[in-house]
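Please look over the two-chain model shown here, with attention to how its parts pack against one another. The report below takes up domains, the chain interface and helix pairs in turn.

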Amino acid sequence: MNTSSPDRKPIIRCLQKILPTASVLHDAEDLRPYECDGLSAYQQVPMVVVLPETVEQIEHILTFCTKQQIPVVARGAGTGLSGGALPLENGILISLARFNRILKVDIENRTAVVQPGVRNLAISDAVSQHGLYYAPDPSSQIACSIGGNVAENAGGVHCLKYGLTVHNITRLEVITMRGEHLTIGGDALDSPGYDLLALMTGSEGLLGIITEITVKLLPTPKAANVILASFADVATAGQAVSNVIADGILPAGLELMDNAAIGAADDFVNAGYPRDAAAILLCEIDGTDAEVADQLAQAQQVLSRSGATEIRVAEDEQQRARFWAGRKAAFPAVGRLSPDYYCMDGTIPRHQIADVLTRISELSDEYGLPIVNVFHAGDGNLHPLILYDANIEGELERTEELGGRILEICVEAGGTITGEHGVGMEKINQMCFQFNEQELLQFHAIKQAFDPDGLLNPGKGIPTLHRCAEFGAMHVHHGQLPHPELERF
Amino acid sequence: MPESNDKTELLRDQIIRSYDSKTPLVIQAGNSKSFYGRDVEGESLLLAGHQGILSYQASELVITARSGTRLSELESALDEHGQQLAFEPPLHTDQATLGGAIASGLSGPARAFRGAARDFVLGAKIINGKGELMQFGGQVMKNVAGYDVSRLMVGAQGTLGVLTEISLKVLPKTEAETTLAFDVDAAQGHQWLRDWLHQGQPITASCHYQGTLSVRLSSTANSIAQAYKKMGGEMASGGLWPQLRHQTHPYFQQDHLWRLSLPPSTSIHNEDKQLIEWGGALRWKASNSELFEQARRLHGHATRYTLRAASTQQIFQPLQASMLAIQKRIKHAFDPRNILNPNRLYQEL
């Protein structure tokens, strides 16, 4: 892109009237850090980056952009894994990094009012002295922002029991592209009218800019412990997941790692994992002391009945932390196995885990690209990591194709293309498999109710029918051409 | 030939005809919640025969059924596997359906502790106001593909789309359940409740009424015994909870009843003759005058709640102008000719 393009100058001048000069970034070297989010395969330097500090500034930026018909992308911490915060060449990137204050902690109501740029973990850190925490814990929680969590409806290890972001917030302050201020939800447990809190959560920055969030806080569980169960094959481990749930246990976390992930994690943090196991399950139980004691015993029985070759219960807090350290370090650990990896996010019904893992392994052989599995088994949320080398000509393209096929398998198995990472830029083509044109048009109609000019994060999240037609033309699904009614080009 | 339980095509045909002729439709299934909204004039769209459980596997914690399926049928299927609808939807009559539970969004005593109807919706098939059949969400625990349209349907009372199929997350029942009763005034009782909740006691329902605080504990038997030791109180029968859930308790039978949804810690005046649930977040109160303004000042909202016929009065808390405007645009996005339960929630929607 041409950063000195002349039509940029009046825009920069106008933005400098809204914001302090130092809060409007336009030099190439200042823009470069914003060229991608956590999915670095997609890169684009924005026209301008703005760093507002007040709600009024955001409102003025948005009304200015609407007047000038300039597209806008919002960005939190930039840790997203689907390219949702990928900038636009002709667009303004609004960084919410300076909205980083916790405004209020309400112990009586067990809530906190926070700005969108606050880091996920900072909330729990700020309230832990009161015996409280914020439950959703995406693996990037040290860095990711709560605003981004709302935009993506982020999950984490604990969502089977404690829910996703949508279950753990009560209120949003939002500004639309037209500069309207909306209070969505409230301080009570429900609110009148349509549930816009649900609609906003996971809307990937397409409907409005979030300026304030009320999150729910939970009491820190009195007790917690983890079981590490080993299995001689992955399918048996997959079946054990279903058995645990069917037995009436609701684990706080239920994670599966395959042999490659076990080895990588153990090398990395010396977690003490059984390196010869084909798969391990980490099953965390939390609650009151008595609950944890009772359910640990119950879970051990079920896992043993389900064919676990070895069952270890963490003997103390240190060992529990070590077992989890391996899981938490699994992604960076896998990063040491290969120059690059590509993380998928399909979710499937739990009883399909064994089957889908077998098909993924067949695809891995077919493409000659190794795949490591480490995922939220309790939720059926797979994270196959495809290992590749971007320096080898064509390998990224083959990896993306393999990833696309894995997502199609997930949809066929009754699941979805994304459980918690979002569609963003990355999975926009796969949306054409998951939804038909009426459904996509309904999404566009919702978008139009909030953003009639289509200026907020355009090109992400929801594909146009034309995009689906183009994609379909190169990718015939089951011999059927999708959207046969549309003209091809 | 036996009559099919799948009325999707018939429902679609009727909606398309109504779209063409701009005829308003009154959406009805078990007709047990007609009181919960404004009167709608129009042709009836009947969902009662559109029934049947389509899939249920206990290990998935998911049940999918047609919207006209009776809640009682759904619950007995879950009961066989020791599972439950954790949000405890009210059955005002035994005709109450899954579609009505989700369309109304009403949740019972467990709501403050386990979540609301909207928290358990995983996916839905709907027919919008143009007669288009669409599917959103799914049967998996996590799904962030596209906007969360299925949750948007909860509480919309069919005004955005007619629900035809719904997938819900279900939960295992706990091993044991006990009710403890305490003689204590409302203000003091709610201070205790807040402390217990903060301690992580396994509380799944609370009610203060006429000088008695009742608390339900649900967990393993050992854990309940442990909690009882700490909390004290008298063991009581659990008969109160179904009365609250299904609103058969005498308190709900009075006229001019209001439902106040407030921040849980909102101060309580002992002289108020209220029935208080949800750890203080839900307060029932009889009043001849409107309570919308009072609820607004307390950062909550009020609902006129008389278990009788629907009404031409304002039922739900008035919306702020900017909120109403966006809700109207959303209504238009789903139902451009305003034929689905028009004016049911608000005169303007």
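Buried area is the accessible area, taken with a 1.4 Å probe, that two parts lose on being put together, summed over both. This is a predicted model, in which local features need pLDDT of at least 70 and side-chain atom pairs count only at pLDDT 80 or more, while totals for chains, interfaces and linings use all residues. Residues are numbered from 1 along each chain as its sequence is written, chains are lettered from A and ligands numbered from 1 in the order in which they are written, and side-chain values use heavy atoms, with hydrogens and water left out.

**Domains of chain B**

Between domain 1 of chain B and domain 2 of chain B, about 1,300 Å² is buried, and carbon and sulfur atoms give 58% of that area. Of the area that domain 1 of chain B buries against domain 2 of chain B, 44% is supplied by B:Pro109, B:Phe113 and B:Arg114, more than by any other three residues. The domain assignment gives domain 1 of chain B as 6-172 + 321-334 and domain 2 as 176-304, with bounds that come from an automatic or database domain assignment. The centres of these two domains of chain B, taken over C-alpha atoms, are separated by 27 Å, and their contact (heavy atoms within 4.5 Å) takes 15 residues from domain 1 and 16 residues from domain 2.

**The interface of the chains**

Chain A and chain B bury about 6,500 Å² between them, with 57% of it on carbon and sulfur atoms. On the chain B side, B:Lys142, B:Val144 and B:Tyr147 lose the most area to chain A, together 15% of what that side buries. In terms of contact, 71 residues of chain B meet 82 residues of chain A.

**Helix pairs**

Helices here are DSSP runs (H or I, at least four residues), as are strands (E, at least two), numbered from the N terminus. Axes are lines fitted to C-alpha atoms, for helices over the stretch in contact, and angles run from 0 to 180 degrees between N-to-C directions.

| Helix pair | Axes come within | Crossing angle |
|---|---|---|
| α16(A), residues 437-450, and α11(B), residues 321-334 | 9 Å | roughly 160° |
| α1(A), residues 8-18, and α3(A), residues 55-68 | 10 Å | roughly 155° |
| α13(A), residues 353-367, and α14(A), residues 395-412 | 11 Å | roughly 160° |

The contact involves A:Gln442, A:Ala445, A:Ile446, A:Ala449 and A:Phe450 of α16(A), and B:Ile326, B:Arg329, B:Ile330, B:Ala333 and B:Phe334 of α11(B). By class, the residues of this contact between α16(A) and α11(B) are 8 nonpolar, 1 polar and 1 charged, where Ala, Val, Leu, Ile, Met, Phe, Trp, Tyr, Cys and Pro count as nonpolar, Asp, Glu, Lys and Arg as charged, and the others, Gly among them, as polar.

Within chain A, α1(A) and α3(A) are roughly antiparallel to each other. Their contact is made by A:Ile11, A:Cys14, A:Leu15 and A:Ile18 of α1(A) with A:Gln57, A:His60, A:Ile61 and A:Phe64 of α3(A), and its residues divide into 6 nonpolar, 2 polar and no charged.

Methods
Parallel < 35°, antiparallel > 145°, perpendicular 65-115°, else oblique.
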